Amino acid sequence: MEDHQQLPEILAALKNYAEQHHVPIMEEQGISELIELLKSQQPKSILEIGAAIGFSAIKMASELPDCTVDTIERDDGRYNKAVEFIGQSGLENQIRIFHGDALELDLDLLKPAYDAIFIDAAKGQYERFFEKYEKLLSERGIIYCDNMHMHGLSEQEISEVPRRKRTMIRNLRKFKEYMLNHPSYETTLLSAGDGIMICRKKAQEK
């Protein structure tokens with residue numbers, strides 16, 4: 001645990017790397033809001049879909065010392081950097097990182113249940129991620145989804161959205177509607193950062 005004193009420096013180096021190499025990581029307001037939500041939930045285990053270079057996994061693990069974080073990253077370069085930054089953070093006992101496409105990963109590699117699932121990967125695939133991983137959510141667990149505003153694009157007329165992003169934005173909107181009307185979830189959308197959607201599993205009727 002002695003490495004934790006260096007955590008601010010490691011996070012600064014990570015942010016610097018992200019900026020230089022155009023790696024999208026959570027905005028400060030968004031990660032602060034997510035941490036507050038998690039602190040009020042007090043999960044014992046979190047599954048993150050989309051590690052990038054490990055920023056949010058490190059933040060979650062450092063702020064929730066009694067919680068384990070499993071995270072998945074597809075991109076080779078980002079995965080390797082995440083392993084490096086997680087190692088430097090001294091949090092490798094709390095964080096496990098899996099290398100692979102989250103849509104293809106064998107669920108048997110993971111825990112049978114997580115109290116929280118954080119989706120922050122390919123925006124056009126959120127519904128597919130939800131359908132695959134929702135079965136790993138514990139009773140009364142919560143799914144958090146980042147980038148629901150997609151830097152304002154999801155609120156624009158589809159004709160104003162750049163053509164190459166239209167399918168992604170359509171899929172994101174469809175997923176939002178799907179979750180807002182989902183019979184098993186209570187869903188709210190926060191404007192913090194780039195928009196965080198909170199999907200809380202309802203108690204099952206006995």
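How many residues does helix α6 have, and how far does the helix reach from its first C-alpha to its last? Helix α6 runs over residues 166-180, so count 15 residues and a reach of 21 Å, close to the 21 Å expected at 1.5 Å a residue. That expected span is 1.5 Å times one less than the number of residues, and helices (H or I, at least four residues) and strands (E, at least two) are DSSP runs numbered from the N terminus.

A word on the model: it is predicted, so local features need pLDDT of at least 70, side-chain atom pairs count only at pLDDT 80 or more, and totals for chains, interfaces and linings use all residues. Residues are numbered from 1 along each chain as its sequence is written, and side-chain values use heavy atoms, with hydrogens and water left out.

On to the rings, which pair if their centres lie within 6.5 Å (planes under 30 degrees apart are stacked, over 60 edge-to-face, the rest tilted; for Trp the six-membered ring is used). The structure holds five aromatic pairs. Phe130 and Tyr178 make an edge-to-face one, 5.9 Å centre to centre with 85° between the planes. Phe130 sits in α5 and Tyr178 in α6, so this pair ties together parts 48 residues apart in sequence. Phe130 is buried at 2% relative accessibility, while Tyr178 is partly exposed at 29%.

Note on methods:
Buried means under 20% relative accessible area, exposed over 50%, partly exposed in between (1.4 Å probe, protein chains only).
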